[in-house]
Amino acid sequence: MSDAIVPCIVGRSSSHFTRLVRVFALELGVACAFEPVFDLTSLNRADYAGNPALKLPVLKLGDSIVLGAENICRKLAEMAPAPSCIVWPENMRDVNASNAQELVWHAMQAQVQLGLGTQIAGLPAGSIYFVKAATSLRNALEWLNDRAPSIIAALPPHDISVLEASLFCLVEHLAFRATINLEPYGRLNAFTRKFDMRASAQATPYRFDTPAT
Ligand SMILES: N[C@@H](CCC(=O)N[C@@H](CS)C(=O)NCC(=O)O)C(=O)O
């Protein structure tokens, strides 16, 4: 019997950063266990698989942990049973493509700020702190709606790219949490409908994890 370590993704089925790494694991054929985190208000790092930043996702590999969605995707690529052609952020030479990735990361983080601040902490959505975050999120979406499809079309041939997977997880998450009206972003919606046909997307729908009773 093999003593091989089974990698375990610690995160939430309702989290876009977690979905990104789950999509990558499936695309790359790396079988992972999944451990949900139920309470994002916990201040105990043990509840986040030891992440001092109290953030998700975390990849547990036996006694070691990998922090940060992009780092986890890279580790999964190293562990994959067969090589895949992956477009990493540093493989995108065009400045527009790098800007697109930056805006996707920004929008994902703004979504966390809005969710944690207004929905979990119950702070007033009218505060300039959240109004600015929401405005910058809309600005980023408008920029991405205008440019992302042609940026993606110009990527070199690949099996998966961080840009597409993260953009998909972002836009789907906005729909899931009903944070923003997505109607004005028709091109982004068309992109997500196409990406959603992948088995990795179908296998990782957003949902709220509930503790077993
Ligand atoms: N830079 C981190 C960001 C991860 C992140 O913000 N995750 C959210 C869940 S989607 C989180 O941990 N939220 C809890 C908090 O911000 O306190 C990564 O790439 O993994």
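This is a predicted model: local features need pLDDT of at least 70, side-chain atom pairs count only at pLDDT 80 or more; totals for chains, interfaces and linings use all residues.

1. The crossing in which α3 passes α5 is left-handed. On the α3 side the contact is made by Ala 97, Ala 100, Gln 101, Val 104, Ala 107, Met 108 and Gln 111, while α5 contributes Val 162, Leu 163, Ser 166, Leu 167, Leu 170, His 173 and Leu 174. Sorted by class, this contact of α3 with α5 holds ten nonpolar and four polar residues, and no charged residues.

2. Following α5 comes Ala 178, a residue with a positive phi, near 50°.

3. At the level of the whole protein, there is a division into domain 1, covering 8-83, and domain 2, covering 86-198. The C-alpha centres of domain 1 and domain 2 are 20 Å apart, and the contact between them draws on twelve residues from domain 1 and 13 residues from domain 2.

4. Which helices supply at least two residues each to the side of domain 1 that touches domain 2? They are α1 (16-28) and α2 (69-79), and of these α1 provides the largest share of that side, namely seven residues. By class, the side of domain 1 that touches domain 2 consists of seven nonpolar, two polar and three charged residues.

5. Finally, a reader may wish to look at Leu 67, which is found in strand β4 (residues 64-67). Is Leu 67 buried or partly exposed? A residue needs 20 or more C-beta neighbours within 10 Å to count as buried, and because Leu 67 has 17 C-beta neighbours inside 10 Å, Leu 67 counts as partly exposed. Leaving aside residues up to four places away in sequence, Leu 67 touches Asn 51, Ala 53 and Val 58. Pro 57 lies ten residues from Leu 67 in sequence, and the two are 7.0 Å apart in space, taken from C-alpha to C-alpha.

Methods:
Residues are numbered from 1 along each chain as its sequence is written. Helices (H or I, at least four residues) and strands (E, at least two) are DSSP runs, numbered from the N terminus. A crossing is left-handed if the near helix is turned anticlockwise from the far one by less than a right angle, and right-handed if clockwise. Two residues are in contact if their C-beta atoms, placed from the backbone, lie within 7 Å. Ala, Val, Leu, Ile, Met, Phe, Trp, Tyr, Cys and Pro count as nonpolar, Asp, Glu, Lys and Arg as charged, and the others, Gly among them, as polar. Domain bounds come from an automatic or database domain assignment. A residue is buried if 20 or more other C-beta atoms lie within 10 Å of its own, exposed if 12 or fewer, and partly exposed in between; C-beta atoms are placed from the backbone.
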